[in-house]
Amino acid sequence: MTIVRGFIAGVLGVFGMAGVSLTMRRLVQPTAPIGVTHYENVVKVARATMQPDKPELDRDTQVRVSEFLHLAFGGFWGVIWALARRDSDIRPFVDGIGFGTVVWAAGFGTFMPGLRLAKGLWEMDAYELARTWGSHVGYGVATSLVLGSRRTRTLNP
């Protein structure tokens, strides 16, 4: 049950992440188009690696597949978080900020730039750092809120 709850919480956390990211984009760059995302790059690289003889996916299909993979990846990290915190209370804001920051730093500080899927933290400008970190904090808090909402708590008098 922990795995299922974690996966669902992580998927819902991705929606929280998307809300933060889109809101920040529209506040800071209201007319700028949304470019190719790092998870779309995952689809491009995977497709080119696994099926090099096939043409690229059309843009709409690529976006749909990448969004599905992003939800699945968010669900995976939600499972990891649920398993790590299964025997303890979750403080959604404090723990969620920490969890989101770890996911952000791990992704953009190690494997994503290493695989050339996204810029590394050291290559981002202040806006990109703030938007990507804020989005992942949104993910961590939303995921933690969902996980924490299913727990029972006993108040000590």
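Of the 157 residues in the chain, 36% are buried (under 20% relative accessible area with a 1.4 Å probe and protein chains only, whereas exposed means over 50% and partly exposed lies in between). The model is predicted, so local features need pLDDT of at least 70 and side-chain atom pairs count only at pLDDT 80 or more, while totals for chains, interfaces and linings use all residues. Residues are numbered from 1 along each chain as its sequence is written, and side-chain values use heavy atoms, with hydrogens and water left out.

The chain holds five helices and zero strands, where helices (H or I, at least four residues) and strands (E, at least two) are DSSP runs numbered from the N terminus. The order of elements from the N terminus is therefore simple to follow: α-α-α-α-α. The C-alpha trace spans about 65 × 35 × 25 Å along its principal axes. Taking a contact as heavy atoms within 4.5 Å, 74% of the contacts between residues at least 6 apart in sequence join residues at least 24 apart.

The chain carries 17 positive and 12 negative charges, whose mean positions are 6 Å apart. Here Lys and Arg count as positive and Asp and Glu as negative, with His and the chain ends not counted; each charge is placed at NZ of Lys, CZ of Arg, CG of Asp or CD of Glu.

Grid points are joined across faces, edges and corners, and a volume is the space filled by probe spheres set on the points.

The largest pocket has a volume of about 750 Å³. Its lining comprises 34 residues, of which R25, T37, H38, Y39 and R131 are the closest to its centre. Helices α1 (2–28), α2, α3 (59–84) and α5 each supply at least two lining residues, and α1 gives the most, with seven. One cavity of 30 Å³ or more was counted. The largest cavity, with a volume of about 30 Å³, is lined by V43, K44, R47, E56, L57 and Q62. Helix α2 (residues 38–50) gives the most to this lining, with three residues.

T143 lies in helix α5 and is buried, with a relative accessible area of 0%. Leaving aside residues up to four places away in sequence, T143 touches A9, G10, G13, G78, W81 and F99. L69, in helix α3, is partly exposed, with a relative accessible area of 38%. The C-alpha atoms of L69 and R59, 10 residues apart along the chain, are separated by 15 Å.

Most residues other than glycine have a negative phi. R116, although not a glycine, has a positive phi of about 60 degrees. R116 sits in the loop between α4 (92–114) and α5 (126–149) and is exposed, with a relative accessible area of 74%.

Methods:
On a 1 Å grid over the protein atoms alone, a cavity is a set of points where a 1.4 Å probe fits but cannot get out, and a pocket is an open set with protein on both sides within 12 Å along at least five of seven lines; lining residues have an atom within 4 Å of a point.
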